[in-house]
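Hello,

Here is the structure I promised to pass on. Please have a look, then read my notes below.

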Amino acid sequence: MSNADLSEQERILQEFHAGTVFLSGDKEWLAGKNFFVVKSTVERIVKWVYESSTGLYPSDPIPVGSYNEGLHLQVENVSNDFDFLIPIRYNSKLALRSRIVPNNSCSRPTHQLPTYVFRNQGMRKLPDKGLPVFCQGTKMLVDIEDLAEADVKIYCDKPKPKLGEDEEEDDFDDPASYKLEMCQESLSHHNLDPEQILKDFHQYVGIALNPEYTHPRQNDPVFQHRLFPSRVPRIPNSIRGNIQLESLDLRGPAIRLVFKEGNETILVKLVPAVRKAIEFSNEWMREDLTHLSDWWDGDLTNEKQSFLWKVQALKEVGLELVPKGGFWRLSFSCAEEMILKEVDADGGQRRAALQLLKFVNQTRWTPEYGKILSSYHLKTLLLWSCEIYPRKEAWETLLSSLKTLLGLLKHTLAEKRLPHYFLKPLNLFNKHYKASNDIYWPLSLETLAHEVSAMLADATAYLVPSHKSLRYLVNQDYEEKSAALQEFKERHREELKELKRMEDEHMYEEVEITEE
């Protein structure tokens with residue numbers, strides 16, 4: 001293709017991005033205004049939640065997600081979504097170890113976080129090494145036997161039994177066994193349970209939005225007898241009336257609110273999160289933190305530097321523990337934001353290219369096939385692409401940037417594997433459809449692979465069909481890839497229809513596929 005044709009394609013893509021995918025002007029101002037209104041209201045709600053929970057949520061909400069990362073879309077007649085982490089008070093430190101529990105292990109891991117077990121710091125007040133924990137996929141678990149073997153101080157509601165006159169302490173009980181029993185007893189009374197956290201948080205938010213409440217603890221007898229009751233910011237009923245609290249879904253980590261702001265309907269997700277509690281061991285960094293070479297067999301010249309950036313981000317902002325599906329799960333929202341903060345510092349077009357890809361996924365692929373690819377899949381794709389293609393030349397134009405992303409997406413779909421950016425060896429293509437036939441998972445990825453091949457052949461013709469062949473010659477490769485796509489869709493018409501139905505009705509499980 002000639003330089004003139006490439007310049008024409010670049011112009012069309014830039015116009016399409018500015019005129020359809022990411023509108024500026026009034027749309028940008030409206031998105032900023034909505035964010036300010038939502039954030040100030042969420043801050044008030046969290047102060048009510050702090051009172052309702054007697055101090056469990058002491059900090060301001062932290063904006064996260066696509067809008068905060070600058071990876072969002074600004075599309076006509078579509079409102080932006082806003083996500084916030086709500087920090088949970090948690091006083092213990094946790095030491096993340098490198099460990100996989102064998103299937104035949106007699107250990108007893110639990111999904112609950114101990115709140116009254118602390119690591120002894122010793123005579124010299126050394127830094128807290130943290131309670132030993134480990135992860136399986138994104139699940140964070142505490143092995144009670146490991147906990148009992150550590151040098152810990154245990155608080156629980158079970159007093160130590162008194163010895164009889166003729167009994168000696170060594171005869172009465174095995175110290176190791178008694179310590180294990182104390183750990184179990186403490187955990188049974190003092191813990192953060194992920195499901196209970198979500199249920200309570202949902203209830204507290206409901207109180208904050210209830211017009212019958214002037215204070216979250218107004219029905220508490222202890223509060224009623226206080227001489228100087230605590231104060232909370234007022235939430236006018238006019239604001240409460242414009243906010244709808246959606247029903248609780250324990251499969252996800254978020255409490256969902258729907259804000260009505262003028263003609264805008266804004267989805268807001270509040271995610272309770274334990275932050276800055278994890279101490280990373282060098283062993284975990286070395287063994288369980290994903291390296292580029294764990295899955296990529298191409299150029300690895302940038303691997304060491306990019307890995308050090310990853311480690312630096314984790315050490316600086318840490319990770320989060322969020323409640324999802326009955327477990328505390330490792331989340332890397334703040335670390336990902338830090339890595340992507342200066343993603344286009346060299347003048348590249350990475351963000352704009354990702355926005356084009358998200359637009360296609362939201363407006364074409366998801367409506368036709370279901371939500372096979374999520375925003376998190378695409379963000380992970382961008383993170384890996386920046387690591388695999390560090391040179392500026394791959395990102396100088398919107399066309400080259402889009403082709404770089406599409407090339408890697410095609411590779412991951414063909415391999416049926418998109419590794420988690422941080423957690424080895426977790427595959428993010430992890431759906432298991434609830435059907436007697438097991439064809440649907442590979443079919444979903446193969447279908448998107450055909451779409452990506454056509455788009456990669458000629459992104460402009462794929463995105464803006466009205467421009468096809470008006471200014472440059474028909475791309476024969478694009479015509480062949482488009483024909484192959486249509487033939488594939490026709491051949492699998494009934495299966496694709498069933499795939500879409502299962503996606504729409506959430507007839508699937510997200511299983512964490514690991515590769516040992």
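Is Phe 35 buried or exposed? Phe 35 is buried, because its relative accessible area is 17% and buried means under 20%. Bear in mind that this is a predicted model.

The whole structure holds 15 aromatic pairs. In one of them, Phe 35 stacks with Phe 84. Their ring centres are 6.2 Å apart, with 10° between the planes. This pair links distant parts of the chain. Phe 35 belongs to helix α2 (residues 26-52) and Phe 84 to strand β2 (residues 82-87), 49 residues apart. Phe 84 is buried too, with a relative accessible area of 0%.

There is also an aromatic cluster made up of Trp 295, Trp 296, Phe 332, Trp 384, Tyr 421 and Phe 422.

Two rings carry a charge over the face. Lys 139 lies over Phe 327, at 4.4 Å from the ring centre. The charged end of Arg 364 sits over Tyr 462, 4.0 Å from the centre of that ring.

Now the second largest pocket. Its space comes to about 490 Å³. It has 22 lining residues, and Trp 309, Ile 339, Glu 342, Val 343 and Cys 386 are the closest to its centre. Helices α11 (303-317), α12 (333-340) and α14 (375-388) each give two or more residues to the lining. α11 gives the most, with five. By class, the lining has 13 nonpolar, three polar and six charged residues.

Last, an unreviewed UniProt entry annotates residues 475-509 as a coiled-coil region. In the model, that span is 80% helix and 6% strand. Its end C-alpha atoms lie 40 Å apart.

Best wishes

Terms used. Residues are numbered from 1 along each chain as its sequence is written. This is a predicted model: local features need pLDDT of at least 70, side-chain atom pairs count only at pLDDT 80 or more; totals for chains, interfaces and linings use all residues. Side-chain values use heavy atoms; hydrogens and water are left out. UniProt positions are given in the numbering used here, feature names are shortened, and annotations may be inferred rather than shown by experiment. Helices (H or I, at least four residues) and strands (E, at least two) are DSSP runs, numbered from the N terminus. On a 1 Å grid over the protein atoms alone, a cavity is a set of points where a 1.4 Å probe fits but cannot get out, and a pocket is an open set with protein on both sides within 12 Å along at least five of seven lines; lining residues have an atom within 4 Å of a point. Grid points are joined across faces, edges and corners, and a volume is the space filled by probe spheres set on the points. Ala, Val, Leu, Ile, Met, Phe, Trp, Tyr, Cys and Pro count as nonpolar, Asp, Glu, Lys and Arg as charged, and the others, Gly among them, as polar. Rings of Phe, Tyr and Trp (its six-membered ring) pair if their centres lie within 6.5 Å; planes under 30 degrees apart count as stacked, over 60 as edge-to-face and the rest as tilted. Buried means under 20% relative accessible area, exposed over 50%, partly exposed in between (1.4 Å probe, protein chains only). A charge sits over a ring if NZ of Lys or CZ of Arg is within 6 Å of the ring centre and within 35 degrees of the ring normal.
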